[in-house]
Structures are given as C-alpha cells and as structure tokens.
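Here are my notes on the chain, as promised. Have it open while you read.

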Amino acid sequence: MVTTDERFWSKVNKTAECWLWLGAKDAEGYGAFRGRKDGSRGNVRAHRYAYEAVVGPIPVGLVIDHLCRNTSCVQPTHLEPVTTQVNLLRGDGLAARNAQATACPEGHPYNEANTYRHGGKRYCRQCHRNQVRQTYAMKQEAQDGTDRT
C-alpha cells in the first residue's frame with residue numbers, strides 16, 4: 001500500500017530552482033492534494049503539506065509565503081510562515097503596490113510632513129488642502145456668481 005507521503009512526493013518534480021507540483025491545482029495555481037499530515041481526510045494546498053512534511057507544523061495564525069513567487073512550488077526552503085499582512089505586502093497585489101508607493105497619484109511625496117493616516121489608510125495633505133480650497137471657491141462662486149478659482 002502506498003503511503004500518503006509517497007503519493008504526495010510522486011507528484012513533485014524537483015528542478016534546480018523550484019520543486020514543481022505536478023498534481024491538481026486550484027484556480028489560483030496552488031497545488032491541491034487530497035490528504036493531510038495529521039492523517040485526517042480532506043484537501044490541503046500542496047505547499048502547506050510539503051512544509052509540514054519537511055519542516056514541521058505551521059505556527060498557528062501564520063500562512064505560508066512563497067519566497068520564489070511561484071504558487072506551484074513546494075520546495076520547503078522557498079516557503080516561509082508569515083502573517084497574512086506580511087504575505088500581502090510581499091506580493092504584487094493592490095495592497096502591496098499601494099504600500100510601495102512613495103507619492104500620491106498627483107505626485108506629492110508620501111512623507112511625514114505631507115501624509116496623514118485615517119482608518120488605516122494614508123492621505124496626502126497637499127491634495128486635501130487643494131480639495132478644500134476648490135470646494136470653498138465653488139461655494140463662494142455659487143453664492144455670489146463670481147469665479148474665484
């Protein structure tokens with residue numbers, strides 16, 4: 001009888017760089033494996049199975065980050081347990097791109113003097129000042145019919 005570990009590793013192609021999962025993959029490109037290290041039934045992502053098989057349990061509250069950015073990789077040295085926030089900021093999604101931005105969409109720098117935070121987001125002070133001035137000018141124009149912009 002083939003063990004769960006033998007079945008798992010038969011679906012891995014160990015290349016010089018990544019260990020590529022050859023089995024089923026989900027819609028996001030992550031390997032999907034039917035079997036768990038604890039012996040219970042059910043599906044698990046292949047990179048999580050590989051990490052637990054080689055390194056040990058994934059600490060509670062952490063997720064596995066692919067340092068190589070290859071979602072089908074199960075090479076344990078390419079996998080690191082991190083918080084969800086760290087994982088998102090290391091990626092190339094919207095949250096990561098926003099965090100890496102050094103200037104607002106208008107080109108004003110995100111620095112201590114020109115940036116304020118509210119509700120977990122950062123805002124440009126110069127853009128806010130410009131918007132307040134524009135709103136004030138439009139209200140004044142509406143009141144007396146003159147153009148103050």
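**Notes on the fold**

1. Let's start with helix α2: the cover over its buried residues includes α1 (4-9), β2, β3 (32-34), β4 (43-45), β5 (63-66) and β6 (79-82). The buried residues of α2 are Ala46, His47, Tyr49, Ala50 and Tyr51. "Buried" here is under 20% relative accessible area, with exposed over 50% and partly exposed in between (1.4 Å probe, protein chains only). Just after this helix, Gly56 takes a positive phi of about 135 degrees.

2. A word on what you're looking at: this is a predicted model, where local features need pLDDT of at least 70, side-chain atom pairs count only at pLDDT 80 or more, and totals for chains, interfaces and linings use all residues. Residues are numbered from 1 along each chain as its sequence is written, and side-chain values use heavy atoms, leaving out hydrogens and water.

3. The chain has 5 helices and 8 strands, in the order α-β-β-β-β-α-β-β-α-α-β-β-α from the N terminus. These are DSSP runs numbered from the N terminus: helices are H or I of at least four residues, strands E of at least two.

4. The C-alpha trace spans about 90 × 25 × 25 Å along its principal axes. The radius of gyration is 25 Å, whereas a compact globule of 149 residues would come out near 15 Å (taken over C-alpha atoms; the globule rule is 2.2 Å times the number of residues to the power 0.38). Of the 149 residues, 25% count as buried.

5. Now the largest nonpolar core: Phe8, Val12, Trp19, Trp21, Phe33, Val44, Ala46, Tyr49, Ala50 and Val74, 10 residues in all.

6. Where does Val74 sit? Look in the loop between β5 and β6. Val74 counts as buried because its relative accessibility is 1%. Neighbours within four places in sequence aside, Val74 is in contact (heavy atoms within 4.5 Å) with Phe8, Val12, Trp19, Trp21, Ala46, His47, Ala50 and Leu79.

7. Phe33 deserves a look too. Again leaving aside neighbours within four places in sequence, Phe33 is in contact with Thr4, Arg7, Phe8, Lys11, Trp21, Gly42, Asn43, Val44 and Tyr49.

Note on methods: Core = buried A, V, L, I, M, F, W, Y, C linked by side-chain atoms within 4.5 Å.
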